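Let's take a look at how two protein chains sit against each other. Have the sequence and the 3D view ready.

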There are 2 protein chains.
Amino acid sequence: MSIIQAASPPGPPPTLVDWSTGSISGEGVEESVKTLGQLEGIFEDEPAWRAMNPDTEVYRVRYWRPVSDGKTGGLFWGSTVLQPGRVGDEYFMTHGHFHAIRDRAEFYATVKGTGALLIMREDGELWSQKMKPGTVHYIPGDVAHRVVNTGDEPLIFLASWPSDAGHDYARIRATGFSKRLVLRNGEPCLP
Amino acid sequence: MSIIQAASPPGPPPTLVDWSTGSISGEGVEESVKTLGQLEGIFEDEPAWRAMNPDTEVYRVRYWRPVSDGKTGGLFWGSTVLQPGRVGDEYFMTHGHFHAIRDRAEFYATVKGTGALLIMREDGELWSQKMKPGTVHYIPGDVAHRVVNTGDEPLIFLASWPSDAGHDYARIRATGFSKRLVLRNGEPCLP
């Protein structure tokens, strides 16, 4: 089925996803790791955070950017593995971000594990959606989004987002999310 | 983990995907079926096409449009089941389309089955990528795309695309794809 081409292809060769693990691999797939030490100021219980090993992996993202960052009309694809754990009574979670271009949406789709997607408007109003294998979440524009692992195993989800969306992490570092998902009486609770 | 909200959520509730079958379901998921009869003029061997039952299902798309068609910055999500079969020596395939806004990209990710993704520029230059379980295909802007089932079982793939991409089917109806994937000596061939 392959033929010799005179012109170079308009897009990249395909990559691979393992549907049973959510792992993506192939040419052009990049990886980034976030440790506890890199998440300073994100968890509420700072003494508990200081007492933990800063090299502890909280999450690992593999992402595929087939076009340049900022290009209009393109898409990116990623896979996140968020470890189980807590800092004090607060569950391990992703940093969370708004998109730099605020109206850009994103899909999250859960492959393994259990947790919650937190969605927060600029005014601090916040909603949560339960994540479990197979849930597909539409994150509309104009909201910050963060994922929390409330289970005992890694929480793995796939994501797709516009290549011009960008990330605004600074807004979250400055004011955080309005609610935190914590362990209360043996259950996840959003007080 | 659920709390009473004063304001209505900024996005829809999650839907579900069965990773083993690629089937999506839930509130807001729509379905569309394409039969042989609806694909008039798409296959080359018209006598063979006329001799077949026009009610034969060629493919079925389930799609989730969490925002209105045409909205900038949003995303849609879909799952396609393309049946095995041939019209003469040409394999069953999707209609194929350009996006109405030409620079909009799309992801296809294969869940089950084997086949090929055909990608064609406006000038007719065409490339193919093999599809098998786990292949993730980036369809850049400015190309028509069509999926062909070269196997003996349904070819199932997930897709995500911008909500303002739109579909231009008319261009394909007018001039078709520049190459066709056919059975030759027991193998798929793109002459």
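This is a predicted model: local features need pLDDT of at least 70, side-chain atom pairs count only at pLDDT 80 or more; totals for chains, interfaces and linings use all residues.

Residues are numbered from 1 along each chain as its sequence is written, chains are lettered from A and ligands numbered from 1 in the order in which they are written, and side-chain values use heavy atoms, with hydrogens and water left out.

Here's the interface of chain B and chain A:

| Item | Value |
|---|---|
| Residues in contact (heavy atoms within 4.5 Å) | 59 of chain B with 59 of chain A |
| Buried area (accessible area, 1.4 Å probe, lost by two parts on being put together, summed over both) | about 4700 Å², 69% on carbon and sulfur atoms |
| Salt bridges (side-chain nitrogen of Lys or Arg within 4 Å of a carboxyl oxygen of Asp or Glu) | zero |

Strand S1 (residues 15–18) of chain A pairs with S11(B) in the antiparallel sense over two bridges; strands are DSSP runs (E, at least two residues), numbered from the N terminus, and pairing takes at least two DSSP bridges. In this pairing, Leu16(A) stands opposite Thr135(B).

Now, is Ser160(A) buried or exposed? Ser160(A), in strand S13 (residues 155–162) of chain A, is buried, with a relative accessible area of 2% (buried means under 20%, with a 1.4 Å probe and protein chains only). Not counting residues up to four places away in sequence, Ser160(A) touches residues including Trp77(A), Leu75(B) and Ser160(B). A polar atom of the Ser160(A) side chain lies 3.2 Å from the backbone oxygen of Phe76(A).

Notes:
Helices (H or I, at least four residues) and strands (E, at least two) are DSSP runs, numbered from the N terminus. Buried means under 20% relative accessible area, exposed over 50%, partly exposed in between (1.4 Å probe, protein chains only). A polar contact is a pair of N or O atoms within 3.5 Å; within protein, one must be able to donate a hydrogen and the other to accept it, and residues adjacent in sequence count only if both atoms are side-chain atoms.
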